[in-house]
Amino acid sequence: MTTATITPTAPIQFTTHSSLRRRLVLSTLTGAPLRISQIRATSLKPGLTPYEFSLLRLLDSLTNGTFIEISLTGTTLLYKPGLITGNSGRPLVHTIPENCPRGATYFLEVLALLAPFSKSAFSVTLKGGVITSATTEDYSVDTFRTALLPVYASFEVTRGIEVRTLARSSGPLGAGEVHFLHGHQVRLPRTLHLQNPGRVKRIRGVSYSTGVSAGNNARMIEVARGVLNRFIADVYVFSDVSKAQVVPADYGKEGAVEKAAGNMKGRAGGKTKKTGVGFGISLVAETSLGTMYAADAFAGPAEAAEDVGKRAAVMLLEEIRIGGVVGRHGLMSVLVMMMMGVEGDVGRVVLGKEAVGEEFIAGVRDLKRVFGGEVAVRDGENGSLVVSVVGRGVGNVGRKVA
Amino acid sequence: MPDKKRKREVISSIKSDADKMDIFRRHFESQFAPLKDTQEKLSSRNCKALPEKTGEELSDQEWEGIPDPDDGLTENAPVVIEFDATKDVPRSILKASRGELRSFMSSKPPLPTSSTTTLPTKSKKGSDDDGDPRSEAEMLKNDLALQRLLRESHLLDSTSDKLEATGRNRLKALESRIQALGGKDTTAQKNVPMAIRKGIAAAREERELKRRKNAKEAGIVLEKDTTKKISKKRKDRGGFGPSVGRFKGSALVLSKKDVMDIEGRSGPGGGGGRKGRKKHGKIKK
C-alpha cells in the first residue's frame with residue numbers, strides 16, 4: 001500500500017470529458033476520489049451526456065458507499081468511490097438510455113475491469129439502448145467476448161465469465177440486451193511476463209446482421225476470407241442472423257418505452273418501428289501463444305457487404321502487422337491489471353511500436369495520476385517496445401484475506 | 001457401327017460450329033477491322049485436333065476416343081482454374097471438433113487453445129531436467145517442505161511475503177506439528193462444560209469450512225482435508241455376528257488372515273502384529 005492510493009484526502013483534479021470512463025474506473029479500483037471539471041464547458045450541450053450519467057449510475061449500483069456530486073450544469077463532477085461489492089445473488093438490470101450512441105462494450109469494458117476486484121460476483125443485464133454491434137468508437141460485443149476476455153485469462157481470471165447476447169441490435173438507436181456474468185474474483189492479479197506474441201495460427205470471427213438479409217453475412221464472409229485465406233488457411237467466420245427489435249415509433253425520445261407500456265406487438269397500428277437494423281463483422285486472430293488481435297467493421301450508410309468484409313479483413317491484417325503480445329483493443333486493460341498486481345513485481349509486455357500512440361500516453365498519464373506508478377518503455381528486439389509496469393499492490397480491497 | 005455414327009456426329013458438329021464462327025467472323029469483319037489471330041488459331045487448332053480427312057477415310061477409321069490432351073492439343077489453350085475462397089474449407093477446420101467450433105459461439109469466452117497451455121510448461125520442464133539434475137533426496141526434501149507449507153499456509157500472514165509464520169502463528173504451527181506427531185494439545189483447556197466444548201468444536205469446523213470455501217472461490221490450493229477420519233472398522237451388519245471370521249452355511253469360516261490374527265503370529269521375518277499382517281499381504285501378491 002502506498003500513501004498515494006490509500007489516503008488521498010484531496011481529490012485528484014482532471015479537466016474535460018476526455019477518457020472520463022477510464023478515469024472513473026481507475027478511481028473506483030484504487031479508491032481515490034476524483035474531481036473532473038470543465039466537462040464540455042464550451043459545447044452547445046454542456047455537461048455530461050446521458051450515457052455518462054448512465055455509467056455513473058451503473059458504478060453506483062455496483063459499489064457501496066459511492067458519493068457522486070454533479071454541478072447544476074453537469075460540467076463539474078466530484079466522484080468518491082466506494083467499495084466494489086458486486087451484486088451476488090441479486091441480478092442487476094441496468095437500463096441504458098435509448099439514444100445512447102456508444103456500444104454495449106462501453107459499459108462491458110468497465111464491468112470486466114471492475115469485476116475481478118469485486119467482493120462478490122457480478123451479474124449485470126444491460127437493457128434499453130444497447131448496441132451490440134460495433135460503433136465508430138466501440139467494438140462489438142462479439143469482439144469483447146472472443147478477444148478481450150482472453151486478455152484477462154492471461155491474468156488467470158477465467159472462471160464463471162459469460163457474456164450472453166440475448167438480443168442483438170445495431171446502431172444508432174439500439175434495443176438489444178446483454179447479460180454479463182463474472183464469478184472470478186481475485187485478491188491480486190498475476191504478474192504478467194509476455195515477451196513473444198507467437199505467430200497467427202487461426203482466424204475466427206462472427207458476422208452478424210440484424211433485420212437485414214442473411215446474404216449480407218455470406219457476402220462479408222466470402223470477401224473477408226478471400227483476403228485472409230492467402231495468408232492462413234484456418235479461417236472460419238460464423239454467421240449470426242437475427243431479427244430487428246420492434247420499438248415504439250418515437251423510440252429515442254425520453255420516456256417513449258414507458259408511454260408505449262409494452263404495447264409493441266406487431267405493428268400496433270403504426271405506433272411501432274424496427275430499430276437497430278444493420279450488419280457488421282468481427283474478426284479475431286489467435287496466435288500460437290494465445291495473443292489475440294481483433295478487428296471490427298460495421299456497415300455505414302449504403303455500404304456494400306463486400307466492402308465491409310474487406311475493410312474488416314484489412315483492419316485485422318493491420319493489427320497483426322502492428323503486433324505486440326496484446327492487441328490494441330486490450331492494451332489499457334492489461335496496463336491497469338498489471339498496475340493492480342503484486343506490489344513491487346515488475347511485469348513486462350512487448351508491444352508494437354505503433355500501438356504506443358496518443359491514447360496509450362494519455363492512459364499512462366492517468367495511471368500515474370491515480371496509481372502514482374510509472375510505466376517504463378524501452379526499445380526491444382526488431383522494432384518492438386518493451387513496456388514494464390511495477391505492480392502497486394492495490395488488489396482487491398474486499399478480499400483482504402485469501 | 002454405333003461408334004462410327006458417333007464419330008460422324010462429332011465431326012459434323014465441330015464443322016458446323018466452325019462454319020457458324022466463320023459467319024460471325026465475316027459479319028464482324030465487314031463492320032470492323034479484319035481479324036488475323038483468331039482465324040489462324042482456329043484453323044491451326046482444327047488441323048491439330050482433327051486432320052482433314054475424306055469421308056471414306058473417316059468411315060474406315062476406328063473411333064479412338066477423345067484426343068489425348070498431352071499430344072499438343074491444349075498447348076496454346078489457357079489453363080482455367082476456378083478459385084473460390086469460400087469453397088476450399090481447409091482440412092484443419094473440418095477436422096476441428098464441433099465442440100471447439102461451438103465453444104467459440106457460446107456465451108463463454110473461447111477456450112484457450114491447447115498449445116498455449118502445454119507449450120510453456122513443456123519447455124520449463126525440459127530446461128529443469130537438462131539444466132540441473134537434482135538428486136532424489138533434494139526433490140523429496142522440497143516435496144516435504146511444500147507439504148508443510150501447504151499444511152500451515154492458513155497461519156501465514158497475507159501481508160508479509162515470508163514463507164514462515166512468525167510470532168503467535170509460529171507457536172501455533174509448532175503446536176500443530178506436535179499434534180500431528182501424536183503429542184497432546186497443550187493449549188486445550190481441561191475442564192470445559194460439554195455444551196461449550198461442542199460449541200467450540202462446531203465453530204472450529206464452521207470456520208474451517210468457510211476458509212476452504214473462500215479459498216476454492218478464489219482459486220487457492222489448500223492442504224488436504226485430514227479432519228474427517230475414514231474408519232477402517234468393519235461395517236456393523238446388524239443383528240448378531242461373530243467378532244472374528246464370518247458365518248457361512250451355519251459354520252464359522254476363518255480366513256488365513258483371521259487365523260493369523262488369533263494366533264498373533266506375524267509374517268515371516270516381520271515385527272509386530274499389525275505390521276506383520278501388512279507384510280504378509282504384500283508377499284501374497
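## Arg311(A), a buried residue in a helix

Arg311(A) is buried, with 23 other C-beta atoms within 10 Å, where a residue is called buried if 20 or more other C-beta atoms lie within 10 Å of its own, exposed if 12 or fewer, and partly exposed in between, the C-beta atoms being placed from the backbone. This residue is found in helix α8 (residues 305–322) of chain A; helices (H or I, at least four residues) and strands (E, at least two) are DSSP runs, numbered from the N terminus. Although Arg311(A) and Ala297(A) are 14 residues apart along the chain, their C-alpha atoms are separated by 6.6 Å.

This is a predicted model, in which local features need pLDDT of at least 70 and side-chain atom pairs count only at pLDDT 80 or more, while totals for chains, interfaces and linings use all residues. Residues are numbered from 1 along each chain as its sequence is written, and chains are lettered from A, and ligands numbered from 1, in the order in which they are written.

## The two chains

Chain A has ten helices and 20 strands, and of its 402 residues 49% count as buried. Two residues are in contact if their C-beta atoms, placed from the backbone, lie within 7 Å; among contacts in chain A between residues at least 6 apart in sequence, 77% join residues at least 24 apart. The average pLDDT of chain A, which is the predictor's confidence in each residue, from 0 to 100, is 89, and 94% of the residues score at least 70. Over residues 1–5 of chain A, however, pLDDT stays under 50, and for this stretch the model has eleven contacts beyond four places in sequence.

Chain B holds eleven helices and two strands, and buried residues make up 2% of its 285 residues. Of the contacts in chain B with a separation of 6 or more, 31% are between residues 24 or more positions apart. In helix α10 (residues 256–263) of chain B, the number of buried residues is zero out of eight, so this helix lies largely in the open. Gly264(B), which follows α10(B), has a positive phi, near 70°.

Why is strand β12 of chain A described as largely enclosed by the rest of the structure? Nine of the eleven residues of this strand (residues 200–210) are buried, so the description follows from that count. Two strands pair if DSSP finds at least two bridges between them, and β12(A) pairs with strand β16 (residues 278–287) of chain A in the antiparallel sense over ten bridges; here the bridge partner of Arg204(A) is Val284(A).

With strand β13 (residues 235–242) of chain A, β12(A) pairs in the parallel sense over eight bridges, and Val206(A) has Phe238(A) in β13(A) as its bridge partner. The chain crosses from β12(A) to β13(A) through helix α6 (residues 215–228) of chain A, and this β-α-β crossover is right-handed, meaning that, with the strands pointing away from the viewer, the path from the first strand over the helix to the second runs clockwise.

## The nonpolar core

A nonpolar core is a set of buried Ala, Val, Leu, Ile, Met, Phe, Trp, Tyr and Cys residues joined through C-beta atoms within 7 Å. Of the 105 residues in the largest nonpolar core, Ala224(A), Leu283(A) and Leu335(A) touch the most other members. The largest share of this core, nine residues, comes from α9(A). Not counting residues up to four places away in sequence, Ala224(A) touches several residues, including Val237(A), Ile281(A) and Leu283(A).

## Two residues with positive phi

Most residues other than glycine have a negative phi. Thr16(A), although not a glycine, has a positive phi of about 60°; it is found in the loop between β1 (12–15) and α2 (20–30) of chain A, and Thr16(A) is partly exposed, with 14 other C-beta atoms within 10 Å.

Glu156(A) is not a glycine either, and its phi is positive, at about 60°. Glu156(A) lies in the loop between α5 (141–153) and β9 (161–167) of chain A, and with 14 C-beta neighbours inside 10 Å it counts as partly exposed.
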